[in-house]
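This briefing concerns the structure shown below. It treats the overall fold, the annotated sites and the salt bridges in turn.

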Amino acid sequence: MTAIVEGMPSNLAIDFEQLNFQLQRRQKGYGRGRRMQIETDTAAIVGGVRHGYTTGAPIALVVENNDWKHWRNIMNVEPIEGSDEEKRRVHRPRPGHADLNGGLKYQLTDLRNVLERSSARETAARVAVGAVARQLLAAFGIKIGGQVIRIGEIEAPPHSLPLDEMIERTEQSSVRVVDSATEQAMEAYIDQIKAEGDSIGGVVECIVEGVPVGLGSHVQYDRKLDGRIAQAVMSINAFKGVEIGIGFEAGRLRGSQVHDEILYDEEKGYTRASNRLGGFEGGMTNGMPIVVRGVMKPIPTLYKPLRSVDIDTKEAFTAQVERSDACAVPAASVVLEHVVAWEVAKAFLEKFGGDSMEEIRANYEQYLQQVARY
Ligand SMILES: Cc1cc2nc3c(=O)[nH]c(=O)nc-3n(C[C@H](O)[C@H](O)[C@H](O)COP(=O)(O)O)c2cc1C
């Protein structure tokens, strides 16, 4: 996969190890199958970075798949001779996937053309570009963490650990939770789901700390950063819902239980007494941590057969599966962090934009002083 990142300033130091560390985080997690062992993702930067620093030119990233050699002919750009079987033509659309809609819409009778592009493999590229965005944000003290909140019926109990500790603990966990009792319960639950030939989804959360007040804007619908983050989160494969702060819970509570009171402190300036609204008011950051949750549906490819219809014969069949993950929620948590990082970085550059890191830093510091004087 190739991704091109436009608009990064010059003189941002790129930490290649960190970039690949993020890609490898996406591949971990209890409930994933053999495929993750085949693909050990690394990103090669082939443009826009020189001697470890961005030049201001578009950054080109390539994430190769080690398995691609075996698919060279099947996915050949040029015409190939061979039977449908040799071309691995797909004519049986899988429920819950893009297969049938994509085939109908693009008039493609080999559903592999839809299947490969719509695959969540694409999230490796989104993590790679998000990892670059994350490095830009880190240069301004903005830190991002993620955790799994729920897998099926098992919910992680709430905690109030500092972000650093949350990051440290979830990094040690096979299911990206902070406590080992929940981890064990989730592992056992995933085993059970897998043994039953089924799959399971869950809820993941991302927290962004150190965000200045005023990213995004109230002045126009498409400049509201909470709205833009929501779009980005919903665009992750299999995501079916998004919440900012307490999200849907806000529909159940009274106003006095929801809104975060404004405080003033000589040292910190304006703050909020709580952060139920997840760092946003009026589509703008309010200086509190951004808290975003997303819900992932169960993986649609399951061992338990689901009914579908063959596009050649129009006959019903039940989808038989040779290989599938039972749960990709821990991986989805890593993807969530990176799509959020990308949206926050875009808003950051809109606000403080400049051609070089030095110019952006000057704009940023001047703005912080202006806010402090207010
Ligand atoms: C990290 C991640 C891994 C996924 N792995 C699989 C998988 O192994 N098998 C599968 O059928 N779907 C998997 N999915 C989900 C599908 O890609 C997704 O459901 C499908 O593309 C249809 O898109 P939609 O669910 O957003 O409508 C995964 C999603 C994510 C985020």
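**Overview**

The secondary structure of the chain comprises eleven helices and 17 strands, where helices (H or I, at least four residues) and strands (E, at least two) are DSSP runs numbered from the N terminus. The chain has a radius of gyration of 22 Å, close to the 21 Å that the globule rule gives for 374 residues, so it is as compact as a globular protein of that length. The radius of gyration is taken over C-alpha atoms, and the globule rule is 2.2 Å times the number of residues to the power 0.38. This is a predicted model, in which local features need pLDDT of at least 70 and side-chain atom pairs count only at pLDDT 80 or more, while totals for chains, interfaces and linings use all residues. Residues are numbered from 1 along each chain as its sequence is written, and side-chain values use heavy atoms, with hydrogens and water left out.

**Dimensions, surface and contacts**

- Along the principal axes, the C-alpha atoms of the chain fill a box of roughly 75 × 50 × 40 Å.
- Of the 374 residues, 44% count as buried; buried means under 20% relative accessible area, exposed over 50%, and partly exposed in between (1.4 Å probe, protein chains only).
- The accessible surface of the chain comes to about 19,800 Å², and carbon and sulfur atoms contribute 50% of it. Accessible areas come from the Shrake-Rupley method with a 1.4 Å probe; for residues, only the protein chains shown count as cover.
- Among contacts in the chain with a separation of 6 or more, 69% are between residues 24 or more positions apart, contact meaning heavy atoms within 4.5 Å.
- Glu86 is placed in the loop between strand E6 (59-63) and helix H3 (99-106), and it counts as exposed at 54% relative accessibility.
- The C-alpha atoms of Glu86 and Ser356 are separated by 51 Å, the two residues being 270 residues apart along the chain.

- An unreviewed UniProt entry places the feature "binding site" at positions including Arg117, Asn237, Lys297, Thr301 and Arg323. UniProt positions are given in the numbering used here, feature names are shortened, and annotations may be inferred rather than shown by experiment.
- Arg117 belongs to helix H4 (residues 112-118) and is exposed, with 62% relative accessibility.
- Thr301 lies in the loop between strand E15 (290-296) and strand E16 (307-309) and is buried, with a relative accessible area of 17%.
- The side chains of Thr301 and His97 make a polar contact at 2.9 Å. A polar contact is a pair of N or O atoms within 3.5 Å; within protein, one must be able to donate a hydrogen and the other to accept it, and residues adjacent in sequence count only if both atoms are side-chain atoms.

- Arg26 lies in helix H1 and is buried, with a relative accessible area of 4%.
- Arg32 is found in the loop between H1 and H2 and counts as buried at 17% relative accessibility.
- Beyond its neighbours within four places in sequence, Arg32 is in contact with residues including Arg26, Asp325 and Cys327.
- The side chain of Arg32 reaches the backbone oxygen of Arg26 at 3.1 Å.

**Salt bridges**

- Side chains of opposite charge can pair when their charged atoms come close.
- The chain has 21 salt bridges, each defined as a side-chain nitrogen of Lys or Arg within 4 Å of a carboxyl oxygen of Asp or Glu.
- Arg25 forms a salt bridge with Glu171, with the closest N and O atoms 3.1 Å apart. Arg25 lies in helix H1 (residues 16-27) and Glu171 in helix H6 (residues 163-172), so the pair ties together parts that are 146 residues apart in sequence.
- Arg25 is buried, with a relative accessible area of 4%, whereas Glu171 is partly exposed, at 22%.
- A network of salt bridges links Arg25, Arg134, Glu171, Arg176 and Glu337.
- Arg26 forms a salt bridge with Asp41, with the closest N and O atoms 3.3 Å apart. Arg26 lies in helix H1 and Asp41 in the loop between helix H2 (35-38) and strand E3 (43-47), so the pair ties together parts that are 15 residues apart in sequence.
- Both Arg26 and Asp41 are buried.
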